[in-house]
Amino acid sequence: VEDVPVGPDYVLGPGDDLAINIWGAMEGAIVRTVDRNGQIILPSAGPVRIWGLTFSQADQLIREQLSRYYRGFQTSVSMGRLRTIRVYVVGEVCQPGSFTLSSLSTVTNALFAGGGPLKLGSLRKIELKRDHHTVGSLDLYDFLLRGDKTRDFRLQPGDTIFIPPIGPVAAITGEVKRPAVYELQGSIHITDLIEMAGGLTPQSYLKRVQVIRSKPNAE
């Protein structure tokens, strides 16, 4: 994860390194580490607090602070060594506990570190909790079946990832491309289940589709 380029929406925090290159009327290259107070020390400008700012906001703030003391110069700010964060993965997971990850990590990175959900763990309602609030939920079916990672949230220090027990399920077998047990979310039709299973094989016979339904605690 450390080799992934840092985007303009990356939120800075203590431990991040900033490489500041200056050229023009003055030239120099300095590396500053965000301290525990969330500050960096700039030449002449002194301490500047950037904890909680995005990378693009910090770039603009550094430029503004230096322009108060220098004229006719240009700057380029890039990220150096990135900090690590500690997150918690709990619930129906293979290896529950706390994990130290890169600050660029997402929910799926934390799930890989924890070994993934257990057989009885949900793949469709993985919750991300932050400051005693649920930030959002991740449906891994979007990623596993369609490659969609738009709901793969960026992690912050102290986040908790909770995997609840699996919800309602339905099994499909026979002449489908991917027979398995699938977790359901909301109302679903047989055609939707067949689509999750990758579709039908050429040997399928649609005039003979059998549905076996078990009623909980009944029959």
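I started with T54, which counts as buried because its relative accessibility is 17% (buried means under 20% relative accessible area, exposed over 50%, partly exposed in between, with a 1.4 Å probe and protein chains only). I found T54 in the loop between β4 (46-49) and α1 (55-67). Leaving out residues up to four places away in sequence, I listed what T54 touches: P8, D9, Y10, V11 and L12 (contact means heavy atoms within 4.5 Å).

Before going on, I noted the ground rules. This is a predicted model, where local features need pLDDT of at least 70 and side-chain atom pairs count only at pLDDT 80 or more, while totals for chains, interfaces and linings use all residues. Residues are numbered from 1 along each chain as its sequence is written, and side-chain values use heavy atoms, with hydrogens and water left out.

Next I checked confidence. The chain has a mean pLDDT of 90, with 98% of its residues at 70 or more (pLDDT is the predictor's confidence in each residue, from 0 to 100). Going by element, I got the lowest mean, 88, for strand β5 (residues 73-79), and the highest, 96, for strand β10 (residues 160-163).

Then I counted elements: four helices and 12 strands. These are DSSP runs numbered from the N terminus, helices being H or I of at least four residues and strands E of at least two.

Strand β8 (residues 126-130) runs antiparallel to β9, and I noted five bridges between them. I also looked up E127, whose bridge partner in β9 is S137.

Last, I looked at the whole chain. Its radius of gyration is 25 Å, whereas a compact globule of 219 residues would have one near 17 Å (taken over C-alpha atoms, the globule rule being 2.2 Å times the number of residues to the power 0.38). Along the principal axes, the C-alpha atoms fill a box of roughly 80 × 35 × 25 Å. Buried residues make up 37% of the 219. Of the contacts with a separation of 6 or more, 52% join residues 24 or more positions apart.

Definitions and conventions
Pairing = 2+ DSSP bridges.
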